[in-house]
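Here are some quick notes on the model you sent over. They cover the protein interface and then the DNA.

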There are 2 protein chains.
Amino acid sequence: MATIQDVVKLSGVSVATVSRVIHNSPNVLPATREKVLAAIRELDYHPNRLAQQFRTQRTKCVLVLLPRLGDSFYSEILKGIEEVASAAGYHIFIANTGNNPEMAKFYYEALIQKQNDGIIDFSACLPREYMEEIAGQNPVVVACRYLSNSNVPNVTIDNLAASREMTEYMLNLGHRRIAYIGGNTELALYRSRLYGYRQALEERGIPAEETIIYTADPDIQGGYDAAMQLLRSGEKFTAIVTSGDTLAVGAIKALQERKLQVPEEIAVCGFDDIEISSLLSPTLTTIRQPRGLIGRHAMEKLLGLISGKDENLSEQIVLPYELVIRASSGKFRNNK
Amino acid sequence: MATIQDVVKLSGVSVATVSRVIHNSPNVLPATREKVLAAIRELDYHPNRLAQQFRTQRTKCVLVLLPRLGDSFYSEILKGIEEVASAAGYHIFIANTGNNPEMAKFYYEALIQKQNDGIIDFSACLPREYMEEIAGQNPVVVACRYLSNSNVPNVTIDNLAASREMTEYMLNLGHRRIAYIGGNTELALYRSRLYGYRQALEERGIPAEETIIYTADPDIQGGYDAAMQLLRSGEKFTAIVTSGDTLAVGAIKALQERKLQVPEEIAVCGFDDIEISSLLSPTLTTIRQPRGLIGRHAMEKLLGLISGKDENLSEQIVLPYELVIRASSGKFRNNK
DNA sequence: GAAGAGGATGTAACTGTTTACATACTCCCG
DNA sequence: CGGGAGTATGTAAACAGTTACATCCTCTTC
């Protein structure tokens with residue numbers, strides 16, 4: 001592997017000049033520049049990025065932490081991030097935490113140890129204290145998920161309000177016994193969505209019933225399993241509100257296997273509006289998050305933190321959501 | 001930011017000993033180790049990973065290049081990669097090329113410039129000569145896609161055979177005019193799948209007809225658009241073979257919008273067996289790729305290349321596939 | 001009690017860049 | 001023609017670790 005020293009020898013100029021040529025700095029005579037470039041070409045020299053980054057302590061790379069891979073929910077968000085990042089000359093790397101704190105810790109170590117310039121975290125599976133400590137010293141933005149009352153910059157929608165609005169919509173359709181299948185409430189995100197559901201019920205004077213509230217792994221299988229348990233429990237209900245489209249998809253699958261019509265017998269709604277939600281039959285009523293916007297805002301905030309121009313660690317950016325009404329909710333037919 | 005020198009001063013031992021403690025090497029007296037650890041704790045010292053990697057010229061990180069983000073096809077593959085990687089103490093970073101050679105080039109530069117130890121490339125959007133040159137000097141494995149006749153290690157299924165088998169299956173159902181919607185044939189991958197389709201037809205003495213062969217962007221929208229064009233063209237056909245599940249999903253959407261029954265009037269099949277294929281109605285007949293296996297083999301090959309134990313650059317690892325028959329193909333009803 | 005082995009620790013070179021500062025040169029103007 | 005400004009280039013010191021090799025102990029063994 002050729003180094004800058006080889007270029008120095010071949011071109012007959014100093015390291016400083018070679019470095020200047022590499023970085024297109026002015027104040028290099030065209031003839032000198034040409035000589036250096038010729039040497040670089042001849043040696044097939046590539047500056048060692050590790051050495052550069054080490055020297056400057058800047059990588060121009062940011063890390064995006066996802067809770068799971070291949071979730072199409074994130075694709076639009078990542079596009080938004082990439083857009084802003086590449087305009088600023090940054091590149092993004094994505095890593096998977098699998099919601100495993102150990103894994104997440106490794107990647108945060110990478111940040112602390114300067115292997116990248118910042119983190120946008122969609123996984124947020126580490127304790128609040130730890131996150132606050134790191135975010136106090138390093139550029140970190142948490143998005144979609146969040147840590148309640150923390151000094152970590154955050155980009156989300158108002159999950160509580162969205163979930164409440166969805167539940168209200170179900171109530172307005174005439175449903176009274178509405179089951180709930182949601183993600184683990186240890187996560188503030190899922191806690192908010194559950195609160196939204198509870199609030200909507202309470203506002204109508206309908207007490208939330210723990211026997212029809214289920215916690216599940218936030219994927220298709222989780223939704224399927226929870227719905228099956230719900231059906232086996234013998235509880236009566238005419239609708240299911242979920243905290244995620246994948247849960248809704250799984251729940252619908254379970255209902256259909258049991259020959260229950262959606263939405264005629266049971267209405268179901270999701271949350272997130274992932275790509276397949278408009279393709280399934282029935283198509284899914286859900287909450288659409290402004291995914292591109294989330295990505296762009298998160299990256300912009302991160303760039304502010306990296307440059308040091310933005311020091312506001314307690315900023316909570318809340319973006320608008322949209323209730324998307326499709327076939328899976330339908331009207332309540334009081335004919336059961 | 002504390003450095004190793006600060007630890008040296010506080011603990012009163014030498015850099016070498018501190019380094020030994022950091023790396024858990026033996027031959028450090030327990031008392032010394034404790035002293036050093038105490039200093040590390042007190043200073044909240046984190047070794048600068050950039051400096052470590054720079055010094056050792058090893059990052060213990062590999063890069064996975066995907067053609068697009070949020071494609072659930074890759075999630076199982078990535079799990080397979082991660083499994084093997086973490087067992088070997090490696091971490092993976094994922095980057096998106098968007099099939100853009102410029103982007104891909106940036107990440108290959110990252111490899112050449114030692115920012116990571118190897119690349120597994122699912123995007124393969126760079127010219128063969130370039131890839132061969134880089135793969136000759138650096139650990140690179142191309143997977144799922146490939147470059148024909150090249151000296152770049154490769155992990156795939158036999159796409160040609162799989163596509164041929166799928167088409168034969170359609171022929172066996174009684175279909176005779178089978179349309180084809182496939183990805184851009186500039187990619188060897190899609191070229192193979194198209195050849196498989198052609199071969200199957202020719203073996204039965206049925207000439208492939210260019211008027212019912214379409215090229216499309218390999219996503220839902222692409223499938224939808226191509227199918228719509230096909231319908232508008234007025235050509236008659238009773239089945240559509242596609243080169244990807246997303247294309248099939250889009251095509252089915254178009255057919256259903258035009259009130260054509262799938263599979264009763266038109267049979268459709270996909271390729272890849274992505275997660276949603278078994279959830280749609282009708283469920284999708286498709287080719288299942290052994291995704292976990294692909295990931296594991298690719299990572300194992302890469303580890304071999306990184307360690308230098310494996311120098312076989314022309315190895316083409318071909319894994320088995322499986323024809324998954326579901327509802328979307330159905331039996332041909334000659335009642336049109 | 002000397003020799004040798006082996007464990008614990010230290011010293012200093014080295015990794016490949018960037019960059020502050022120094023130097024040399026050219027040009028222009030009073 | 002001296003000196004100041006400005007441009008082009010060079011020198012050498014960082015950056016923060018790792019590691020080969022040297023050194024110094026402490027045992028063990030004959």
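1. A salt bridge here is a side-chain nitrogen of Lys or Arg within 4 Å of a carboxyl oxygen of Asp or Glu. By that rule, the interface of chain A and chain B has 0 salt bridges.

2. Before going on, some housekeeping: this is a predicted model, where local features need pLDDT of at least 70, side-chain atom pairs count only at pLDDT 80 or more, and totals for chains, interfaces and linings use all residues. Residues are numbered from 1 along each chain as its sequence is written, chains are lettered from A in the order in which they are written, and side-chain values use heavy atoms, with hydrogens and water left out.

3. Chain A brings 46 residues to the contact and chain B 47 residues (contact: heavy atoms within 4.5 Å). The two chains bury about 4,400 Å² between them, 61% of it on carbon and sulfur atoms (accessible area, 1.4 Å probe, lost on being put together and summed over both parts). On the chain A side, Arg49(A), Leu50(A) and Gln113(A) lose the most area, together 17% of what that side buries.

4. On to the DNA: 29 residues surround DNA strand C, with His23(A), Arg55(A), Asn27(B), Thr32(B) and Arg55(B) the closest (near: a heavy atom within 4 Å).

5. Which atom of Thr17(B) lies 3.0 Å from a phosphate oxygen of DNA strand C? A polar side-chain atom.

Key
A polar contact is a pair of N or O atoms within 3.5 Å; within protein, one must be able to donate a hydrogen and the other to accept it, and residues adjacent in sequence count only if both atoms are side-chain atoms.
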